[in-house]
Every structure is written in structure tokens, then in C-alpha cells.
Amino acid sequence: MKKKPFITIQLNCNFEIGVESFNDLVVDGKIIIPSWFIAHVAMITVGSSRGILHSKTEGTIFNKYSLPTRNVAEMIPVDAIFDYKY
């Protein structure tokens with residue numbers, strides 16, 4: 001029997017980077033976002049998802065289920081690099 005998800009959640013988190021910090025990411029015509037920073041915002045997003053899921057299922061039979069904790073740093077081993085034209 002194929003397993004099917006019984007609940008789904010979709011979340012959009014927006015993060016703002018100050019101009020000075022953004023300029024520090026630009027190197028030789030490329031934007032280099034360090035893997036540690038990506039992991040940091042991913043951890044915030046996963047934590048937010050866990051809390052929202054718990055809150056939105058309050059009073060239902062689904063509230064006993066939660067998103068498992070994950071080490072997202074392991075999932076993001078390298079920096080993200082994008083071409084950047086000034």
C-alpha cells in the first residue's frame with residue numbers, strides 16, 4: 001500500500017538583507033550566499049512551519065502530529081552562487 005500524506009502545509013517566509021550586508025555578498029560579479037546563512041534562514045522557516053502547523057491543527061485529531069526536527073545544515077553543504085550585474 002502506497003503511503004499518502006494526510007496533511008500538507010505551504011509556507012512563504014521573506015527575509016530582508018540590509019544594503020551593507022548585501023554588498024558584502026557581492027564578489028567579482030557574483031552574489032555568494034554562504035551555506036551557513038541559508039541554513040540559518042531554513043531553520044527559522046522550518047521552526048515557523050512547525051509552530052504554524054501546531055497552531056492551525058489545535059483542537060483537531062491532527063494536533064498530535066508534528067514536523068520532525070531536521071538538521072538542515074547537512075542539507076546545504078555549499079554556498080549558493082548567482083551571477084550579478086550591477
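How many aromatic pairs does the count come to by the ring-centre rule used here? The count comes to two aromatic pairs, where rings of Phe, Tyr and Trp (its six-membered ring) pair if their centres lie within 6.5 Å, and planes under 30 degrees apart count as stacked, over 60 as edge-to-face and the rest as tilted.

Before selecting them, note that this is a predicted model, in which local features need pLDDT of at least 70 and side-chain atom pairs count only at pLDDT 80 or more, while totals for chains, interfaces and linings use all residues. Residues are numbered from 1 along each chain as its sequence is written, and side-chain values use heavy atoms, with hydrogens and water left out.

**The whole chain**

Show the chain as a cartoon and follow three helices and three strands, which come along the sequence in the pattern α-β-β-α-α-β; helices (H or I, at least four residues) and strands (E, at least two) are DSSP runs, numbered from the N terminus. Taken along the principal axes, the C-alpha atoms fill a box of roughly 55 × 30 × 20 Å. The chain has a radius of gyration of 17 Å, whereas a compact globule of 86 residues would have one near 12 Å; the radius is taken over C-alpha atoms, and the globule rule is 2.2 Å times the number of residues to the power 0.38.

Colouring by accessibility comes next: 16% of the 86 residues count as buried, where buried means under 20% relative accessible area, exposed over 50%, and partly exposed in between (1.4 Å probe, protein chains only).

**The two ring pairs**

Return now to the two aromatic pairs. Select phenylalanine 22 and tyrosine 84, whose ring centres are 5.6 Å apart with planes at 75 degrees, so the pair is edge-to-face. Because phenylalanine 22 lies in helix H1 (residues 19-25) and tyrosine 84 in the segment after strand E3 (80-83), the pair ties together parts that are 62 residues apart in sequence. Phenylalanine 22 is partly exposed at 25% relative accessible area, and tyrosine 84 also counts as partly exposed, at 28%. Tryptophan 36 is exposed, with a relative accessible area of 61%, while phenylalanine 37 counts as partly exposed at 25%.

**Aspartate 28**

Select aspartate 28 in the loop between strand E1 (26-27) and strand E2 (30-33). Its phi is near 50 degrees, a positive value in a residue other than glycine. Most residues other than glycine have a negative phi. Aspartate 28 is exposed, with a relative accessible area of 75%.

Leaving aside neighbours within four places in sequence, threonine 57 is in contact (heavy atoms within 4.5 Å) with Ile7, Phe62 and Asn63.

End at lysine 64, which lies in the loop between H2 and H3 and is exposed, with a relative accessible area of 65%. A distance drawn from the C-alpha atom of lysine 64 to that of isoleucine 9 spans 15 Å, between residues 55 apart along the chain.
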